[in-house]
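I opened this model to look up its surface, its core and one of its strands. My entries follow in the order I made them.

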Amino acid sequence: MRHLLTLHYRSLLAVLLMANLVLLMNLGAGDIKRWDAIVWLDIAGEGGAALLALIWIGLILNSRPTGRVTRLLVAGLAAIFLSYWQDVLDEFVQLSPSITWDHWLESGAMPMGMILLTLGIYHWHREQQAINRQLRKRERIFREHRNFDALTSLSDARYLREQLSLELQHRERTVSLIMIDLHCFDHSRRLLGGADSDRLLRELGELLLLNLRRQDLLCRYAGDRFAVVLPATERTVAEKLRGELEQATHSFAFKTRRGETHAVTVHSGLAVSHDDDADSLIERANCSLSQAIRRTHRAA
């Protein structure tokens with residue numbers, strides 16, 4: 001709510017001022033109807049539609065930055081709201097037949113609002129297409145907001161299993177899965193603190209994304225562990241990509257808020273599909289990762 005008020009308080013204020021202006025115009029030009037002349041069913045329908053338009057405006061303003069798309073959507077919904085608002089006021093206030101502005105407001109604001117709303121949705125569609133191209137490595141085939149990790153904005157373990165299941169249905173194609181784990185992350189969290197360690201996970205996720213192909217999928221599997229789905233990828237190519245990801249993270253010099261440099265080291269494991277389901281492929285990738293961690297500990 002604070003974000004809504006600070007970014008869009010002028011838009012909200014304009015809608016409220018217009019609603020109050022229309023109310024004052026009706027009260028100043030007409031007479032309140034008798035109680036028995038009020039049709040409550042009409043009020044419920046028109047008032048409910050006006051309330052929904054206001055709720056939609058609030059949701060849009062609270063979920064979008066300022067810009068042309070936001071302005072078009074809000075302007076369209078505001079015009080639709082004012083049309084329904086006038087319909088509601090007509091049920092309470094009797095205007096003189098010589099007054100025509102109420103008809104213009106009811107009949108003119110609605111189509112104008114629909115036109116503006118359509119333009120806003122069209123430009124929103126164009127905007128979303130551009131965003132989708134950037135998110136191709138974060139999500140594939142379908143989207144469900146409950147499957148996004150709150151910290152990194154990557155897809156979560158549930159989404160990983162769903163996507164693996166879809167890929168593994170094509171038995172003629174090999175699917176490779178890489179598991180990546182941050183070395184001694186618990187120690188790093190104690191050293192860096194909560195805010196910097198959370199930022200480390202987010203920035204590591206961005207780094208991994210930059211080093212993946214367009215068709216690959218990166219998920220946050222759990223804690224400091226990431227999973228990379230490599231569709232239609234044989235072991236030789238998967239091993240090469242795995243090495244590139246490790247090299248990229250080894251070159252990553254994370255900067256803390258105090259300006260200090262924190263070196264990042266990861267371990268990785270790889271599993272290539274062979275009559276697997278999603279769970280068995282994930283289990284084999286985790287086993288490969290555990291073996292890599294043990295080898296590192298023995299070498300140290």
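Surface first: I find that the protein exposes about 16,900 Å², and carbon and sulfur atoms supply 59% of that area. Accessible areas here come from the Shrake-Rupley method with a 1.4 Å probe, and for residues only the protein chains shown count as cover.

A note on the source: this is a predicted model, in which local features need pLDDT of at least 70 and side-chain atom pairs count only at pLDDT 80 or more, while totals for chains, interfaces and linings use all residues. Residues are numbered from 1 along each chain as its sequence is written, and side-chain values use heavy atoms, with hydrogens and water left out.

Overall make-up: I list nine helices and eight strands. Helices (H or I, at least four residues) and strands (E, at least two) are DSSP runs, numbered from the N terminus. Of the 300 residues, 43% count as buried. Buried means under 20% relative accessible area, exposed over 50%, and partly exposed in between (1.4 Å probe, protein chains only). For contacts (heavy atoms within 4.5 Å) between residues at least 6 apart in sequence, 68% join residues at least 24 apart.

Patch: Leu51, Leu52, Ile55, Trp56 and Leu59 make a nonpolar surface patch of about 510 Å². I checked leucine 51, which is found in helix H2 (residues 40–63). Leucine 51 is exposed because its relative accessible area is 51%.

Core: which residues of the largest nonpolar core touch the most other members? Of its 26 residues, they are Ile180, Leu182, Leu200, Leu218, Phe226 and Val228. Strand S3 (176–182), helix H6 (185–192), helix H7 (194–210), S5, H8 and S8 each supply at least two residues of this core. H7 gives the most, with six residues. A nonpolar core is a set of buried Ala, Val, Leu, Ile, Met, Phe, Trp, Tyr and Cys residues joined through side-chain atoms within 4.5 Å. Beyond its neighbours within four places in sequence, leucine 200 is in contact with Leu182, Phe185, Leu192, Phe252, Phe254, His262 and Val264.

Strand S5: six of the six residues of S5 are buried, so the strand is largely enclosed by the rest of the structure. Arg225, Ala227 and Val229 are buried on one side, and Phe226, Val228 and Leu230 are buried on the other. S3 and S5 run antiparallel and are joined by six bridges; two strands pair if DSSP finds at least two bridges between them. Leucine 177 stands opposite valine 229 in S5. On pairing with strand S4 (residues 217–222), I note five bridges in the antiparallel sense. Leucine 217 also has valine 229 of S5 as its bridge partner. S4 and S5 form a hairpin with two residues between them, and glycine 223 in the turn has a positive phi of about 55°.

Alanine 232 is in the loop between strand S5 (225–230) and helix H8 (235–250), and it counts as exposed because its relative accessibility is 52%. Aspartate 275 lies in the loop between strand S8 (266–272) and helix H9 (278–299); at 66% relative accessibility, aspartate 275 counts as exposed.

Notes
Patches are made of residues with over 30% relative accessible area and no salt bridge: like charges are joined within 9 Å, nonpolar side chains (Val, Leu, Ile, Met, Phe, Trp, Tyr) within 5 Å. A salt bridge is a side-chain nitrogen of Lys or Arg within 4 Å of a carboxyl oxygen of Asp or Glu.
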